[in-house]
Amino acid sequence: MDKQDTETKSSGNERYYLVREDILPEALVKTVHAKELLARGEVKTIHDAVEQVELSRSAFYKYKDGIFPLSKLERERIVTISMDLEHRSGILSRVLAMIAGLEGNVLTIHQTIPLQGVANVVISVETSVMGETVAVLLEKLREQEGVSRATLVGQG
């Protein structure tokens, strides 16, 4: 280990890289696949997961805390979404139920007084445990009856 590596480890500073899957070592790719099998509930144990992807348990344990799909990292945040909703009973309730169905956690809701039959609603949603990406969430919101606009206005 050279001096820079030692300084990075001891200071707690971590460096990250974005790397295409096709140039990663096979053990890293298989580790991600094993983690995905476990997360989706397709296998019950680490033993079953590594056996299915043909990876040693020691390799899995070596890499499991250091590699994540970009889509997972993308989801670990809070997003703020602005929507225009028709002023009809049940629209907001259905929108909130759809978000909950995707395992989004609504943190705040701000709704304006309806003008000309449309109310603006701004919500903050924690997306860290959602099974879908923010792009899919937005698309599903736009497909909801009574939603005339849904736009991402912030994330963090």
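**Layout and cores**

Reply: Read along the sequence, the protein chain runs α-α-α-α-α-β-α-β-β-α-β, which comes to seven helices and four strands. These are DSSP runs numbered from the N terminus, helices being H or I of at least four residues and strands E of at least two. This is a predicted model, in which local features need pLDDT of at least 70, side-chain atom pairs count only at pLDDT 80 or more, and totals for chains, interfaces and linings use all residues. Residues are numbered from 1 along each chain as its sequence is written, and side-chain values use heavy atoms, with hydrogens and water left out.

Me: Which residues have the most contacts inside the largest nonpolar core?

Reply: They are Ile81, Met83, Ile99, Leu137 and Leu141, in a core of 19 residues. A nonpolar core is a set of buried Ala, Val, Leu, Ile, Met, Phe, Trp, Tyr and Cys residues joined through side-chain atoms within 4.5 Å; buried means under 20% relative accessible area, exposed over 50%, and partly exposed in between (1.4 Å probe, protein chains only).

Me: And which elements give two or more residues to this core?

Reply: Those are β1 (78-86), α6 (91-101), β3 (118-126), α7 (134-143) and β4 (147-155). A second, separate core has nine residues, including Val43 and Phe60.

Me: Changing topic, is phenylalanine 60 buried or exposed?

Reply: Phenylalanine 60 counts as buried, because its relative accessibility is 3%. Tyrosine 61, at 39%, counts as partly exposed.
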